[in-house]
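This report looks at one helix, a set of paired strands and several salt bridges. Please keep the sequence and the structure in view while reading.

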Amino acid sequence: MTPAVLLLAVAALSTSAAASGPSCHADDSAALLAVKAAFNNASSFEYWTPEFPCCDWYGVDCGDDYLPSDDRVISLAITRDDNITGTIPGDAIAGLTRLRDLSFFKVPGITGPIPAALAKISGLRVLTISHTAVSGSIPSFIGDKFAELGILDLSFNSLTGAIPASLAKPPKLNSIDLSRNRLTGSIPRLLLSKAGQQAFLTLSHNNLTGRIPAEFGAVNFVQIDLSRNQLTGDASMLFGVGKKELVSAYLSRNALSFNMSQLQLPEELNFLDVSHNSIYGSIPAQMANMTDMQLLNVSYNRLCGEVPTGGNMPSFDAYCFQHNKCLCGAPLSPCTH
């Protein structure tokens, strides 16, 4: 065989191997079959069989950008399935020792607590358990053990208890969504303090109490949603000249009380809802020049003064300003003073 023919043969073999994708590590295949068995071999796992490499199974991904042919499972996503019932099989999933991304999304039949065995997956970067019937408390090991964690989504479950202070520990964590649970207690003061240039926090629709941590003034939020809780006190630290990344702030239906008059709103702010609080003062005149504002709701507060006009701010309906102490001017009634 000439060198040229040999090179062509090697290239053909490489192309064939790449097309077929990575095979499957035996340990990972065994772990996934244990997951299937734990869910009573639900029809969703019909094609999870040894006849096919587990890297080809639905919801499973292997390899990464650096080793695309690696046969180790790095992602498991069990999503949008009403046929699966039972608790999260933590021991089986912990057998996926290279796992980076774990997702249970819109699987309403999953119940019980978040299992302690998941703490063994030390390299986890993304954890999503959302729209399930998972209950119990948020385990502290999520913050203590997952040093690589960047995204945490535990929204739309039945979780109770306090937000563990350990969630402030992971140095790469910049996105947390714990909305639509039954969480109580205060917000940990150092939550997302290590997030870096961009942070995303959603804690809406819980029963959280206390004040918004003053330390949030140093966090570069892009989005923050604390709506529909029982939070009190000041929220002005979320705004200001240095908050150049802030795009949306949802603080409605709490018991917040602060003077809105002196707020300096970031130019990038597009969505602001502070309705149903006890905010006083007046709407900052700067608001009239915020041309990118898409949502504004300051209704049901204690605001006074004239609604800012004269700039290029989009017009908003009267209901966005109604039920305040003495706000006036378009789109409300004319001011009389």
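## Burial and the model

A residue is called buried when its relative accessible area is under 20%, exposed when that area is over 50%, and partly exposed in between. The structure discussed here is a predicted model.

## Helix α2 and its buried side

Helix α2 comprises 13 residues, 26-38, and at 1.5 Å a residue it should span 18 Å, which agrees with the 18 Å that separates its end C-alpha atoms. The buried residues of this helix are Asp28, Ser29, Ala31, Leu32, Val35 and Lys36. They lie on the same side of α2, because the arc they cover around the axis is only 165°. In an α-helix there are 3.6 residues a turn, so residues three or four places apart point the same way.

What do the buried residues of α2 pack against? Their partners are β1 (60-62), β2 (73-79) and α3 (90-93). Just after the helix, Asn40 adopts a positive phi of about 60°.

## Salt bridges between separate parts of the chain

How many salt bridges does a search of the whole structure find? The search finds 4, and one of them joins the side chains of Asp28 and Arg72, with an N to O distance of 3.0 Å. This pair links distant parts of the chain, since Asp28 belongs to helix α2 whereas Arg72 sits in the loop between β1 and β2, 44 residues apart. Asp28 and Arg72 are both buried.

Another salt bridge is formed by the side chains of Lys172 and Glu148, at 2.6 Å from N to O. Lys172 is in the loop between β9 (158-161) and β10 (175-177), and Glu148 is in the loop between α4 (141-145) and β8 (151-153), so this pair ties together parts that are 24 residues apart in sequence. Lys172 counts as partly exposed because its relative accessibility is 48%, and Glu148 is partly exposed with a relative accessible area of 30%.

The side chains of Glu215 and Arg189 also meet in a salt bridge, at 3.2 Å from N to O. Here the loop between β13 (207-211) and β14 (221-225) holds Glu215, while the loop between β11 (182-185) and β12 (199-202) holds Arg189, so the pair connects parts 26 residues apart in sequence. With a relative accessible area of 30%, Glu215 is partly exposed.

## Parallel strand pairing

Strand β21 (residues 302-306) pairs in the parallel sense with β19 (residues 280-281) over 2 bridges, and Tyr280 stands opposite Arg302 of β21. Strand β21 also pairs in the parallel sense with β22 (residues 326-328), over 3 bridges, and the bridge partner of Glu306 in β22 is Cys328.

Terms used:
Residues are numbered from 1 along each chain as its sequence is written. This is a predicted model: local features need pLDDT of at least 70, side-chain atom pairs count only at pLDDT 80 or more; totals for chains, interfaces and linings use all residues. Side-chain values use heavy atoms; hydrogens and water are left out. Helices (H or I, at least four residues) and strands (E, at least two) are DSSP runs, numbered from the N terminus. The expected span of a helix is 1.5 Å times one less than its number of residues. Buried means under 20% relative accessible area, exposed over 50%, partly exposed in between (1.4 Å probe, protein chains only). The arc is that of the directions from the helix axis to the C-beta atoms. Contact means heavy atoms within 4.5 Å. Two strands pair if DSSP finds at least two bridges between them.
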